[in-house]
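Please read these notes alongside the model.

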Amino acid sequence: MPLVPVPDLIAAARPGGLAAFNVIALEHAEAIAAAAEAAKRPAILQISQNTVRYHGGLKPLARACLAIAEDSSAALAVHLDHATERTLITAAVQLGITSVMYDGSTLAYAENLDSTADIARWCHERDVFVEAELGEVGGKDGAHAPGVRTDPDEAVAFVAATGVDALAVAVGSSHAMHTRDARLDDELIARLAAKVPVPLVLHGSSGVPDAGLRSAVEHGMTKINIATRLNVVLGEAIREVLAADDRLSDPRRYLGPGRAAVQAELERFLRLLA
C-alpha cells in the first residue's frame, strides 16, 4: 500500500506503541515488512545517517525501503534517523521519505532550537513529519546514559519553540546495548507524557527488557526505536549457519536464515508492543 503518514501509524498502533526498526541491509527491510504483515501491526523502517555513510549514499537503500514499504500490505512508513546534515534531510525528502529525525544534540541549546525550528518549518511545508532531540538524547555517552534525564518543562518549551511533531527523550535507556537490563524511569515518562503535547520517542530500546518496554508504553511512550537487538539476532543466526559448514560461500544460504531470525524477533516485538 502507499506509505502511511506517521500520525496515522501512531493512531493505528494505539493503545500500543509504534515500533520503528533500523534498516542496515536489504534483509532488514524485507524482514520488517514481512513481520508487520504477519503481526498485522504498523511499523516504521528507519535509515540512520550512519547507515547512509556505510553505504556511501542514501538513494539506493532509501529507494529499496520505499519500494518494499509500498509493495507491502502492512501499514508502513520510511524514516530518516539521526540526521545531523541539512543536505541529507533535503535528499531524503526529495526521494519521497515522509518522516525525518533531526539530531541537533551536539549543538548548544539555542543553536539546536533555532536549527530544529528552521528544519521543521521547511519539512512541514512539504508534509514531512519531524522528530527532534533535546540535549544529547542520541549520544551513546550523552543523555541516553544512566542518570541523565529530560526535564519536562524544558521539553515543553523546546516543542513549543520548534514546532516539531515528536520528541526523543532521555528516561534511562542507552544506545547500542547488547544486554537487556536498562531500567526506565516510568514516573518521568508519565510526567513527560502529561506535559509534552507531541508523541514521545524512546531510543536505545534494545537494552530495555520486555516488561520495561510494555511499561514505558503504558506510561505514555509512543514510538519505540529498535536496532541493536536485530543486529544481534542476525549475527547469531549467521554464525550458527557458518559454523555448521565452514565451506559455505553462497550468502543466500546464511543471509536467508538470518533474515528469518530477524523477522521472528520483529514479530515478537510488534506483538509485545500491541
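**Notes on the predicted model**

1. The protein chain has 11 helices and 8 strands, taken as DSSP runs (helices H or I, at least four residues; strands E, at least two) and numbered from the N terminus. Its radius of gyration, 18 Å, is close to the 19 Å that the globule rule gives for 274 residues, so the chain is as compact as a globular protein of that length. The radius is taken over C-alpha atoms, and the rule is 2.2 Å times the number of residues to the power 0.38.

2. This is a predicted model: local features need pLDDT of at least 70, side-chain atom pairs count only at pLDDT 80 or more, and totals for chains, interfaces and linings use all residues. Residues are numbered from 1 along each chain as its sequence is written, and side-chain values use heavy atoms, with hydrogens and water left out.

3. Of the 274 residues of the protein chain, 56% count as buried (under 20% relative accessible area; exposed is over 50%, partly exposed in between; 1.4 Å probe, protein chains only).

4. Helix α4 covers residues 59–71. Its 13 residues should span 18 Å at 1.5 Å a residue, and the end C-alpha atoms are 18 Å apart, which agrees. The expected span is 1.5 Å times one less than the number of residues.

5. Buried in α4 are Leu-61, Ala-62, Cys-65, Leu-66, Ile-68 and Ala-69. Seen down the axis of α4, the buried residues fall within an arc of 165°, so they line one face of the helix; the arc is that of the directions from the helix axis to the C-beta atoms. On the other side of α4, Pro-60, Arg-63 and Asp-71 are exposed.
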